[in-house]
Amino acid sequence: MKGFTLIELLVVVLIIGILSSVALPQYTKAVEKSRAAEALTLVRAIRDANEAYYMANGSYSGDLNNLDISIPGADGTHNGVPRKETKLFSFAASASVSSVPGKVTALGNRFPLDSRYIIFAVEGESSLRCKFYAASEEKYCKSFGGQKLSSNIYSVN
């Protein structure tokens, strides 16, 4: 008789289930890390554009529309700060970040706001920062290769 027995089919299904249960968390982590890297690139671009604005005008802009940069997304606001909002992130030219001394000159918040992590630049600092709100999000800030600056803030290389 040709074909597979029920036991053989169940073993194959079990092996596939085990492999997928191991691979799915790693896949999810890799996807989120790539999203964070994309936001990191945009925050660097916003910071550089805001530095150019500062050189030309003597002050930083609080509005992305004043900068010589095009950020994808719809216009929005959060706490009175104009932002560009994509499906996954909210970007701002400047904003107040709790427990961060100094003026923030670029910011990218992961949705939902103030619950996952933010990537930001501080005036006078060459490296960016990553602040996580949930312990489960620390791995993304840590993955950028910087050092831990405080209990929930990493520098970004």
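This briefing describes the pocket, the nonpolar cores, the disulfide and the backbone features of a predicted model. Local features need pLDDT of at least 70 and side-chain atom pairs count only at pLDDT 80 or more, whereas totals for chains, interfaces and linings use all residues. Residues are numbered from 1 along each chain as its sequence is written, and side-chain values use heavy atoms, with hydrogens and water left out. Helices (H or I, at least four residues) and strands (E, at least two) are DSSP runs, numbered from the N terminus.

**Nonpolar cores**

- The largest nonpolar core has 25 residues, and Phe91, Tyr117 and Ile119 have the most contacts inside it.
- A nonpolar core is a set of buried Ala, Val, Leu, Ile, Met, Phe, Trp, Tyr and Cys residues joined through side-chain atoms within 4.5 Å; buried means under 20% relative accessible area, exposed over 50%, and partly exposed in between (1.4 Å probe, protein chains only).
- At least two residues of this core come from each of helix H1 (6–57), strand S3 (89–92), strand S5 (117–122), strand S6 (128–132), helix H2 (138–142) and strand S8 (153–156).
- H1 gives the largest share of this core, seven residues.
- A second, separate core of eleven residues includes Val81, Ala95, Phe120 and Ile153.

**Disulfide**

- The whole structure contains one disulfide, a term for a pair of cysteine sulfur atoms within 2.5 Å.
- Cys130 and Cys141 form this link, with their sulfur atoms 2.0 Å apart.
- Because Cys130 lies in strand S6 and Cys141 in helix H2, the pair ties together parts that are eleven residues apart in sequence.
- The link of Cys130 and Cys141 is left-handed, with -60° about the S-S bond.
- Both Cys130 and Cys141 are buried.

**Largest pocket**

- Strand S2 (81–85) and strand S4 (104–110) each supply at least two lining residues.

**Backbone features**

- Asn79, in the loop between strand S1 (74–78) and S2, has a positive phi near 55° and is exposed at 69% relative accessibility.
- Asp114, in the loop between S4 and S5, also has phi near 55°, and is partly exposed at 41%.
- The peptide bond from Phe111 to Pro112 is cis, with omega near -10°.
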